[in-house]
Amino acid sequence: MSQTNPKKIVINTSEDLESILKTAQEAIIVNLYANPDFNGFHVFDILAVKKFVEILKIKPKEFNEDFELKITYLVHLSKCMLRIIDFETSFGNIDSFRVARYNDSDFNLRDLFSKIKQNKIILKAITSTIEDLTEYSIEDVDLNRIQLVFFESNIFRLNGVAGISKVFMSLSSFENFLQKMVSNKFNQENKKLMARLYFIRLIVHELVHVVNRDRKKDLNTSSPKMSDFHSLKLKDEEFKDAGIIAEKKIFSQRIDFFESINQYHALNFQYIASFYDDLIEKEMDVKFDVLKSRMIPSSTVPCMMGIDMDFEKNSFTFE
Ligand SMILES: [Zn+2]
């Protein structure tokens, strides 16, 4: 796999935040250098790279949470298997990333975030994913100190980023999702249900990445190499991303929520609502029946490490 490199810099997450971020600035360069998909320096001719280089030059006294978000995103991005145009899009839009406030009274996402972190079925999905990947057992994972932070960006299919003891959730993507439901004439109740499931999928995905990096004390960690993988319990086709493996433990497949809501009349809301209730309110060990729900599985499963993103069909371009 192209994202692994033995000389990769460890970004020790047990250090203070300033040291972590300074190390991350260096690590991004090394990652990009080692990433065969990034491939060559001609990319430095493009205008978009200027914005990216500016971020690497920022001094500690200017570090803030916006910077933390951008640099964390770039650490993950620098290891992704992507086309040059996707790097360009990211670099060109990196200045649009900013932490945002969100009044989530419609969906009570903060309340749901607390419930997810305490849910024993979800906790099992997260710990067993990490155990499958690393072959060491995890006990007493404490998700409580992991925070939820909202942000905005111009990359509308970017759903979230795994931070240091933080899940960054994109409001731009979420608002886009809500808007699509309005266009498809969802009633309020179904809109709320789908918004909450969208949130659960995203949070499960990102929590795995956060916990994994935390356990390894390295923000710059990668999933195992394909060659190492045969000795582990998972099948090759399952290997893409730890977040996706955990999603599958809850939702059976990676669900494409954007595609699914285009099927408003086909969706089995009764079943979806009972699944939600069983999982979140009753904490029952349920497995999502995709066929019954009539939701649409993702046709593309990107290897994006700590970044959660949906792609348009037949395209690997961000926008
Ligand atoms: Zn992921």
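A residue is taken as buried when 20 or more other C-beta atoms lie within 10 Å of its own, with C-beta atoms placed from the backbone. By this criterion, 38% of the 319 residues in the chain are buried in what is a predicted model. The secondary structure consists of 13 helices and 5 strands. Contacts across the sequence are well represented: of those between residues at least 6 apart, 77% join residues at least 24 apart.

Helix 6 (residues 120-134) and helix 8 (residues 188-216) have axes that come within 10 Å and cross at roughly 50 degrees. The two helices are therefore oblique to each other, and their crossing is right-handed. On the helix 6 side, the contact is made by Ile122, Ala125, Ile126, Thr129 and Ile130, while helix 8 brings in Val204, Leu207, Val208, Val211, Asn212 and Arg215. Sorted by class, this contact has 8 nonpolar, 2 polar and 1 charged residues.

A loop residue, Ile261, also deserves a visit. Ile261 sits in the loop between helix 11 (257-260) and helix 12 (269-281). Is this residue buried or exposed? Ile261 has 23 C-beta neighbours inside 10 Å and so counts as buried, the cut-off being 20 or more. Apart from neighbours within four places in sequence, the residues in contact with Ile261 are Lys180, Met181, Asn184 and Met194. In the other direction along the chain, Met295 lies 34 residues from Ile261, and the C-alpha atoms of these two residues are separated by 8.0 Å.

How values were computed
Residues numbered from 1 in each chain as written. Predicted model: local features only at pLDDT ≥ 70, side-chain atom pairs only at ≥ 80, totals over all residues. Axes fitted to C-alpha atoms, helices over the stretch in contact; angles between N-to-C directions. Helix = DSSP H or I, 4+ residues; strand = E, 2+ residues; numbered from the N terminus. Parallel < 35°, antiparallel > 145°, perpendicular 65-115°, else oblique. Left-handed = near helix turned anticlockwise from the far one by under 90°. Contact = placed C-beta atoms within 7 Å. Nonpolar A, V, L, I, M, F, W, Y, C, P; charged D, E, K, R; others polar. Buried ≥ 20, exposed ≤ 12 C-beta atoms within 10 Å, placed from the backbone.
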